[in-house]
Amino acid sequence: MSILPQEELVKKWESEQASLRQQVVEEDTEDWQRCPDFTGLERVGGVDLSFIKGDDVNACAQLVVLSYPDLELLYEDSQMVTLTAPYISGFLAFRETPYLLEALQRLETTQPSLLPQVVLVDGNGLFHYREFGLACHLGVLSGLPCIGVAKNLLQVQGVEKSEEHQSQIASLQKGGDSFPLTTNSGKVLGRALRSSDSSTKPVYVSVGHKISLDTALHLTHSCCRYRVPEPIRQIRSQSDE
């Protein structure tokens, strides 16, 4: 397989990204999303792709599925993979999505009854340079509702680690409090969420696919026992064992 020069690859990916972006659904599509206590939601997934220190080619693609609302582990899949696409800023999803999608497809093939009804992605959704981050990419290709939950602020479209941003963080009094991530144009691409009373450092929640921002925010908070929501935190704890 020939490898395109980076400039050509960027153009190709920009075109693909723009096409996929048009397929993102930014509203609630499932019955359980419309219930205040998420009645009917039984399985919540979490995905992440983590690298070996000092190695940006070999990685571990991980999927867990937890029961809801108890957040008990129902399923886990961990596979070592070798990434073939290069790293280009803003196009991370083209490196990572194929392996996370494969994990979901393996589960759908082997144990379809455990397929998650929503997936929390360790990364961003609409809160992205071109409003199409990893959670959007995975959501569109899998057809599943997805939420982007990032641990670090992506400085994009005028949202930055300014004194004002730090002041907004300081104003979050308790778990569940949040404030909008508003671009220079006035568009809200996500929300910074204080996920628990004990954690003062927020996580950054954005729509991936087939869910509204309000529902994504409330569901993420309901999955938090600590700062990082359990479907993502338990990926980390499983990989540490």
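Start at the largest pocket, whose volume is about 540 Å³. A pocket here is an open set of points on a 1 Å grid over the protein atoms alone, where a 1.4 Å probe fits, with protein on both sides within 12 Å along at least five of seven lines; the volume is the space filled by probe spheres set on the points. The model is predicted, so local features need pLDDT of at least 70 and side-chain atom pairs pLDDT 80 or more, while totals for chains, interfaces and linings use all residues. Residues are numbered from 1 along each chain as its sequence is written, and side-chain values use heavy atoms, without hydrogens and water.

Select L92, D122, G123, N124 and L154, the closest to the pocket centre of its 27 lining residues (an atom within 4 Å of a point). Next, show strand 1 (43–51) and helix 2 (92–110), each supplying at least two lining residues; strand 1 gives the most, with four.

Now select the sheet. Eight strands form an open, mixed sheet in the order 3-2-1-4-5-8-7-6; strands are DSSP E runs of at least two residues, helices H or I runs of at least four, and two strands pair if DSSP finds at least two bridges between them. Strand 3 (73–82) and strand 6 (178–182) are the edges.

Strand 7 (188–193) and strand 8 (203–209) pair antiparallel over three bridges, and A192 stands opposite Y204.

Finish with helix 4 (163–170), which packs on the sheet and touches strand 6 and strand 8 (contact: heavy atoms within 4.5 Å).

Conventions
Axes are lines fitted to C-alpha atoms, for helices over the stretch in contact, and angles run from 0 to 180 degrees between N-to-C directions.
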